[in-house]
Amino acid sequence: MREKTTRLFVAAAIAEACSWLALLAGMAVKYGPPANETGVHVFGPIHGALFVVYGILVLVVARLRRWRLLTTALALACAVPPFATLFFERWARRRGLLDDASTPQPIPTPVG
């Protein structure tokens with residue numbers, strides 16, 4: 001369950017960032033020379049739904065992985081600026097916050 005939820009969190013972080021890109025493109029078309037609002041009408045609700053899904057998954061993963069309150073707050077705050085969810089996901093993976101502690105990690109062998 002923990003691993004599946006973590007994979008969903010990573011997918012939501014990527015999807016939320018992609019929806020930001022689509023929404024920004026829709027806003028550029030809306031306020032640019034074509035003045036077409038279709039992109040905002042389509043991608044606005046999609047981005048909003050993915051924003052909420054990401055926030056819920058942050059809370060679930062934070063509880064399952066026992067993140068500190070500051071880490072959880074940072075993950076939630078990263079949903080606001082465009083593409084920050086990608087940076088948080090990479091940062092959390094490097095710090096081992098998304099690793100499953102029950103699976104043994106390979107021991108690095110010295111080179112040389």
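V60 belongs to helix α2, which covers residues 38-65; helices here are DSSP runs of H or I with at least four residues, strands are runs of E with at least two, and both are numbered from the N terminus. With a relative accessibility of 34%, V60 counts as partly exposed, a class that lies between buried (under 20% relative accessible area) and exposed (over 50%), judged with a 1.4 Å probe and with protein chains only.

Together with F51, V52, I56 and V80, V60 makes a nonpolar surface patch of about 410 Å². Such patches are made of residues with over 30% relative accessible area and no salt bridge, where nonpolar side chains (Val, Leu, Ile, Met, Phe, Trp, Tyr) are joined within 5 Å and like charges within 9 Å. Accessible areas come from the Shrake-Rupley method with a 1.4 Å probe, and for residues only the protein chains shown count as cover.

## Basis of the model

This is a predicted model, in which local features need pLDDT of at least 70 and side-chain atom pairs count only at pLDDT 80 or more, whereas totals for chains, interfaces and linings use all residues. Residues are numbered from 1 along each chain as its sequence is written, and side-chain values use heavy atoms, with hydrogens and water left out.

## Overall build

The protein chain has 4 helices and 0 strands, and its elements run α-α-α-α from the N terminus on. Its radius of gyration is 17 Å, well over the 13 Å that the globule rule gives for 112 residues, so the chain is more spread out than a compact globule; this radius is taken over C-alpha atoms, and the rule is 2.2 Å times the number of residues to the power 0.38. The C-alpha trace spans about 60 × 35 × 25 Å along its principal axes.

Of the 112 residues, 31% are buried, and the chain exposes about 7,400 Å², of which carbon and sulfur atoms supply 70%. Among contacts with a separation of 6 or more, 64% are accounted for by residues 24 or more positions apart, a contact meaning heavy atoms within 4.5 Å.

## Salt bridges

A search of the whole structure finds 3 salt bridges, each defined as a side-chain nitrogen of Lys or Arg within 4 Å of a carboxyl oxygen of Asp or Glu. R65 pairs with E3, with the closest N and O atoms 3.8 Å apart; because R65 lies in helix α2 and E3 in helix α1 (residues 2-31), this pair ties together parts that are 62 residues apart in sequence. R65 is buried at 10% relative accessible area, whereas E3 is partly exposed at 33%.

E89 forms a salt bridge with R90 at 3.2 Å between the closest N and O atoms, and its side chain also meets that of R93 at 3.3 Å, N to O. R93 and E89 are 4 residues apart in helix α4 (residues 84-94), and therefore separated by about one helical turn. Salt bridges that share partners join E89, R90 and R93 into one network, in which E89 is buried at 2% relative accessible area and R93 is partly exposed at 38%.

## Annotated regions

UniProt, in an unreviewed entry, lists residues 7-94 as "domain: DUF3817"; the positions follow the numbering used here, feature names are shortened, and annotations may be inferred rather than shown by experiment. In the model, this span is 83% helix and 0% strand, with its end C-alpha atoms 15 Å apart.
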